[in-house]
Amino acid sequence: MRILLSLAALAFPMWAQFEEQVGDVPYVPTPPEVVEQMMKLGQVKPGDVIYDLGCGDGRLVITAIKRHGAVKGVGIDINPVRVKEANENAAKEGVSAKAKFIEQDLFKADFSEATVVTLYLLPEVNLRLKPILLQQLKPGTRIVSHQFDMGEWKPEKTVEIEWRRVHVWTVPPKGTVVK
Ligand SMILES: C[S@@+](CC[C@H](N)C(=O)[O-])C[C@H]1O[C@@H](n2cnc3c(N)ncnc32)[C@H](O)[C@@H]1O
């Protein structure tokens, strides 16, 4: 059953909405306090370039630009409805010049310019993505994931907010063996 209804809607938020899933992960937005914790763990600061893989309504990219000084943010989502919403939200928040939202499969995206990557996906999607992240990203890039980890690649830090978790990793120097 579609990977247990996508892991009971990304580990049990009170599924506010349950719409037809497009792509590998259902749409469940990250709550504002968890967005802020993701910014904090990812040390998002002026000059950063943030990519949110599976960006939903664009909230992570918009927050990184508007509140933390990121110079550029790119959100990638396979669902055109989300991309439209994200663009509308960026316009409303006055960050369209720095925020770009692309309708694309995240597994086919080039995110190599990122200095911070954010994720709210699923455990098996994170595992499929891990070698691509390690191949594309520069050493020192931070990867922040809401809720799900990367299997044997242990996070540097995990913060709990009630029942939710936020994990962070730093891309190691090229050639480092990551399990
Ligand atoms: C759990 S939501 C997270 C949204 C946003 N990142 C947040 O934290 O609020 C996951 C998003 O990933 C998108 N998605 C699922 N599979 C995808 C894929 N293969 N490529 C790009 N986006 C995908 C969904 O459309 C959905 O908007």
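**Exercise 1. Which residues does Met 38 touch, not counting residues up to four places away in sequence?**

Residue numbers start from 1 along each chain as its sequence is written. The model is predicted: local features need pLDDT of at least 70, side-chain atom pairs count only at pLDDT 80 or more, and totals for chains, interfaces and linings use all residues.

*Step 1.* With residues up to four places away in sequence left out, Met 38 touches Leu 60, Thr 118, Val 144, His 146 and Val 166.

*Step 2.* Now place Met 38 in its helix. Helices (H or I, at least four residues) and strands (E, at least two) are DSSP runs, numbered from the N terminus. Met 38 is one of the buried residues of helix H2 (residues 32-41), together with Val 34, Val 35, Gln 37, Met 39 and Leu 41. Buried means that 20 or more other C-beta atoms, placed from the backbone, lie within 10 Å of the residue's own.

*Step 3.* The buried residues of H2 pack against H3, E4, E5, strand E6 (157-161) and strand E7 (164-170). Just after H2, Gln 43 has a positive phi of about 50°.

**Exercise 2. Trace the strand pairing around E4.**

*Step 1.* Strands count as paired if DSSP finds at least two bridges between them. Strand E1 (residues 49-53) and E4 are parallel, with 4 bridges, and Ile 50 has Val 116 as its bridge partner in E4.

*Step 2.* E4 also runs parallel to strand E5 (residues 142-146), again over 4 bridges. Here Val 116 has Arg 142 as its partner in E5.

*Step 3.* In a regular strand, side chains alternate between the two faces of the sheet. In E4 (residues 116-119), Val 116 and Thr 118 point one way, Val 117 and Leu 119 the other, and all are buried.

*Step 4.* E4, helix H5 (residues 123-136) and E5 form a right-handed β-α-β unit. Right-handed means that, with the strands pointing away from the viewer, the path from the first strand over the helix to the second runs clockwise.

**Exercise 3. Characterise the shell around the ligand.**

*Step 1.* The ligand is surrounded by 25 residues, the closest being Gly 23, Thr 30, Gly 54, Gly 56 and Leu 106.

*Step 2.* By type, the shell has 13 nonpolar, 6 polar and 6 charged residues. Ala, Val, Leu, Ile, Met, Phe, Trp, Tyr, Cys and Pro count as nonpolar, Asp, Glu, Lys and Arg as charged, and the others, Gly among them, as polar.

*Step 3.* Helix H3 (59-68) and strand E2 (72-77) each supply at least two residues of this shell.

Definitions and conventions:
A residue is near a molecule or strand if its C-beta atom, placed from the backbone, lies within 6 Å of it. Two residues are in contact if their C-beta atoms, placed from the backbone, lie within 7 Å. A residue is buried if 20 or more other C-beta atoms lie within 10 Å of its own, exposed if 12 or fewer, and partly exposed in between; C-beta atoms are placed from the backbone.
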